[in-house]
Amino acid sequence: MKLRILILLGVIVLAGSCKEEVLPKPKAMLRLDFPNAQYISFKSDCDYQIALNKIANLKQKPDCSMAIDYPTIKGSIYITYKKVDNNITGLLLDAQKLTYEHVAKADNIASKEYVNSVEKVYGMFYEVTGNAASQAQFYLTDSINHFVTGSLYFYSKPNYDSIYPAANYLQKDMLKIIESLRWK
């Protein structure tokens, strides 16, 4: 008798606990809104000038390197300037080697040549897709006196799907830096 009562109570509890219909959650898409880029001219003490996004914070170092920080996006573009002193081949090899060190984690590295013969600015832009540490890199030179490299890094472990919108936004800023670079 006690067993029948327990079974009956169990059936009533189970039947009463399933009142709500289970519905699948709708797909949600992440929406990140970045401000429209507004650029200002920046004249470096190191023989060049570039355009910088107003939302960026600039940290210069005495060795002609700088970090262009984007705190709201949690990423930085690192710029390094070097004088060319009969070492252009070594500088080019180092810049290309730095980019291709990301091959192990990258899905693809697409290169795009940049030539501005009027301003004597020549170089390469590399877009890195996949979970690599850097999502974009570039180098620029006049082949005689000046050599500039740039790299994009985020403050977190790379997850390409998550950082793609921010990487795309900062790559546009890198392209603006490339297009605006002028030697002094």
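What follows is a tour from the surface to the core and its aromatic rings. Keep in mind that you are looking at a predicted model.

Stop 1: Now pick out Ile-5, which sits in helix 1, residues 2–17. Is Ile-5 buried, partly exposed or exposed? Its relative accessibility is 46%, so Ile-5 counts as partly exposed. As a rule, nonpolar side chains in soluble globular proteins tend to be buried together. Hold that thought for the next stop.

**Stop 2: the core.** The largest nonpolar core is built from 33 residues. To get your bearings, select Tyr-48, Ile-68 and Phe-138, the residues with the most contacts inside that core. Then colour the elements that give two or more residues to it: strand 2, strand 4 (65–70), strand 5, strand 7 (121–130), strand 8 (134–141), strand 9 (146–154) and helix 3 (160–180). Which element gives the most? That's helix 3, with eight residues.

**Stop 3: ring on ring.** Searching the whole structure turns up seven aromatic pairs. Start with Tyr-48 and Tyr-81: the ring centres are 5.6 Å apart and the planes meet at 25 degrees, so this pair is stacked. Zoom out and you'll see that the pair ties together distant parts of the chain, with Tyr-48 in strand 2 (residues 48–53) and Tyr-81 in strand 5 (residues 75–83), 33 residues apart. Tyr-48 has 0% relative accessibility and so counts as buried; Tyr-81, at 6%, counts as buried too.

Next, select Tyr-139 and Phe-147. Their ring centres lie 5.8 Å apart with the planes at 15 degrees, so here is another stacked pair. Check the accessibility: Tyr-139 comes in at 8% and therefore counts as buried, and Phe-147 at 3% counts as buried as well.

**Last stop: a charge over a ring.** What lies over the face of Tyr-39? It's Lys-176, at 5.3 Å from the ring centre.

Terms used:
Residues numbered from 1 in each chain as written. Predicted model: local features only at pLDDT ≥ 70, side-chain atom pairs only at ≥ 80, totals over all residues. Heavy atoms only, no water. Helix = DSSP H or I, 4+ residues; strand = E, 2+ residues; numbered from the N terminus. Buried < 20%, exposed > 50% of the residue type's maximum accessible area, 1.4 Å probe, protein only. Phe/Tyr/Trp six-rings, centres within 6.5 Å; stacked < 30°, edge-to-face > 60°. Lys NZ or Arg CZ within 6 Å of the ring centre and 35° of its normal. Core = buried A, V, L, I, M, F, W, Y, C linked by side-chain atoms within 4.5 Å.
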